Amino acid sequence: AQRTIPTGEPLAIDDIGLLAVLNDPDLRAGRGTFDAARAGLLQASLLPNPSGSLSFEPLLGGAGTSAWAASLTEDLRGILMYHTQKKAARLQLQQVDADLLWQEWQVAQQARILALDLYWDGLALSLAGRERELLDREVRQVQAATRSGALDLTVLAPLLAAEASAAQTAASLHLAQLQGWQQLDALLGLQPQARFAIAPPTMAPLPSNLEALLRELPRRRPDLVALQLGYHAADESVRSAIIGQFPAFALGGAWEDDNGNVRNAGPTASFDLPIFDRHQGQVAQTRATRLQLHEQYQARLDAAVGAAKGLAAQIRRLTGDARQARRAAAAAQSQSIAAQRARVSARRKACR
């Protein structure tokens, strides 16, 4: 389904992730691996060519005729290994496809996280600017009061320290935002100085049944699916290596006509004698590869489950902290309103 991304208004977080998938230079370069894997499947789908030979011996002297011979043979071991090799190549193609999907998901998530940080950093910069304005105004008022002798210099020192701290915080936020924009522009394939508006993010709620989702994780996460496909492909490679222990055996037919005009025809067979090389090295290598993929899959699955549970715990903790911060902000706002009202009332009384 086609999706139109409006460029004349602030971009949503999900749209930024989609644009990163479409425009990331590394992803575009990595998609060539899929064409290579598809070519490997095409090669594995082809049966081995038969071998033919033809010889001709013209008569140079004496009685008789010219002799000739022809033969046609086919390697049976290649035919026996055809099914497993083709299946392994198909699984490898699916593995590459799943790996590319996982890379696209990672790029999209990286772009979404960068956009999310940039949005909140922008709000933090705005609040930091307001804080500096308030501190600057308060510092000027205290300086005027100290010059008139109404206040002591000890009152000014904490304000100057707070002003310096606010300036340092603003500088750090500016630097972090600059670095974030450069990283996001690189993912989107834009110039480093490109800027655009980001829409307010909407946060999805925490899943109610996390354990059920974790049980489905091996079927839902592309990198785990890719490792499963790689394991099955390695399993087929083990089968091919075991079949490869069967000695090379070529079967066909031969036709001869010697210089005495005697004609012969019959089957021919040629085979290797598995005295030294019985394909045992290839079998051991494919089995080791299969075991390595199994261990990688189990380690990746354990790490994914642990990371999901850890993130869920962090989200619950941050949600609780956010609720407390909202309550504290509401209380501070109420106190600020009450203080402003008291200040206005005091001024009115002073004017009377």
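Helices here are DSSP runs of H or I with at least four residues, strands are runs of E with at least two, and both are numbered from the N terminus. Axes are lines fitted to C-alpha atoms, for helices over the stretch in contact, and angles run from 0 to 180 degrees between N-to-C directions. The scale I used calls angles under 35 degrees roughly parallel, over 145 roughly antiparallel, 65 to 115 roughly perpendicular and the rest oblique.

I noted the hand as well: helix 5 passes helix 6 in a left-handed crossing. A crossing is left-handed if the near helix is turned anticlockwise from the far one by less than a right angle, and right-handed if clockwise. By class, the contact of helix 5 with helix 6 has 23 nonpolar, seven polar and six charged residues. Nonpolar covers Ala, Val, Leu, Ile, Met, Phe, Trp, Tyr, Cys and Pro; charged covers Asp, Glu, Lys and Arg; the others, Gly among them, are polar.

**Helix 1 and helix 5**

I then checked helix 1 against helix 5: they pack at an angle of about 135 degrees, with their axes 8 Å apart. Helix 1 and helix 5 are therefore oblique to each other. Helix 1 passes helix 5 in a right-handed crossing.

I also searched the whole structure for salt bridges and found twelve, taking a side-chain nitrogen of Lys or Arg within 4 Å of a carboxyl oxygen of Asp or Glu. One of them joins the side chains of Arg112 and Asp14, at 2.9 Å from N to O. Arg112 lies in helix 5 and Asp14 in helix 1 (residues 13-23), so this pair ties together parts that are 98 residues apart in sequence.

I traced an open sheet of four strands in the order 1-2-3-4, with antiparallel pairing. Two strands pair if DSSP finds at least two bridges between them. Strand 1 (51-57) and strand 4 (263-271) stand at the edges with a single partner strand each, so one side of each is left without a neighbour in the sheet. The twist averages 15 degrees from one strand to the next.

I went through the pairs in order.

- Strand 1 and strand 2 pair over seven bridges, and Ser51 stands opposite Thr73 in strand 2.
- Strand 2 (residues 67-75) and strand 3 (residues 249-257) pair over eight bridges; Leu72 stands opposite Gly253, and Trp68 has Asp257 as its bridge partner.
- Strand 3 and strand 4 pair over nine bridges, with Ala254 opposite Gly266.

In the hairpin of strand 3 and strand 4, I found five residues between the strands, and Asn261 takes a positive phi near 60 degrees.

**Confidence and conventions**

I checked pLDDT, the predictor's confidence in each residue from 0 to 100. The protein chain averages 86, and 96% of the residues score at least 70. Confidence is lowest in helix 2 (residues 25-30), at a mean of 83, and highest in helix 9 (residues 222-243), at 91.

Residues are numbered from 1 along each chain as its sequence is written, and side-chain values use heavy atoms, with hydrogens and water left out. As the model is predicted, local features need pLDDT of at least 70 and side-chain atom pairs count only at pLDDT 80 or more, while totals for chains, interfaces and linings use all residues.
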